[in-house]
Amino acid sequence: MQNRIEPFLATLAEPVKRALALRLTGQLVYAWLGIYALFLWKDAERIWGPDSVLKPFAGKGSWIESQMYMLIYRPARFYFIFIPQLIACALAVNDKWWTFVPRTISWLTGLMLYYGAIQAHNSGMLVILLLAFYLIPAHTKTANPFRHVLNHFSLYAGMIQVMLCYLFSSIFKLNGMQWI
């Protein structure tokens, strides 16, 4: 067993074999977050406006959760979250050394948009937010071995997440009442 683990650990410090695929995945994920935010623009008044179709629900009282649920309590701040989301997504598509900053901002503002109207989003938004989180440290144009380890982490975490989503959805579909 140790003979298999040591070569695997040694390959983690090497560059990702399909760096273009990892780069394209990051570009597609952050482009999707930006395009999805643009689709929310026309429904922002209906979701967060004074005549909202979604009834606000109370969350726990911690400071971090209050920030995540801010759009429920203060819908007028939508544009202060929405505009940075679009700018950060446009910058996060690049594969530069500094893109971890706009990627982190786009992930956080995406969480705020999601938690501001949970009932208006589907599980696809959660999968994209998870992939966006995993791709924050990914940078394929580097010679640093530590960054290569982070690239492998991003790649493996994203693959495992997608496999688990498909596995559990197929188990649910095979065992659910509507599929029998």
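This is a predicted model: local features need pLDDT of at least 70, side-chain atom pairs count only at pLDDT 80 or more; totals for chains, interfaces and linings use all residues.
Helices are DSSP runs of H or I with at least four residues, strands are runs of E with at least two, and both are numbered from the N terminus. Residues are numbered from 1 along each chain as its sequence is written, and side-chain values use heavy atoms, with hydrogens and water left out.

Of the 180 residues, 37% count as buried, that is, under 20% relative accessible area with a 1.4 Å probe and protein chains only.

Let me turn to one residue, H121. Where is H121 placed? H121 sits in the loop between α7 (100-116) and α8 (123-134). H121 counts as buried because its relative accessibility is 10%. Leaving aside residues up to four places away in sequence, H121 touches Y36, L40, L113 and Y114, where contact means heavy atoms within 4.5 Å. With Y36, the link is a polar contact between the two side chains, at 2.8 Å; such a contact is a pair of N or O atoms within 3.5 Å, one able to donate a hydrogen and the other to accept it, and residues adjacent in sequence count only if both atoms are side-chain atoms. As for L113, its backbone oxygen lies 3.1 Å from a polar atom of the H121 side chain.

Terms used:
Buried means under 20% relative accessible area, exposed over 50%, partly exposed in between (1.4 Å probe, protein chains only).
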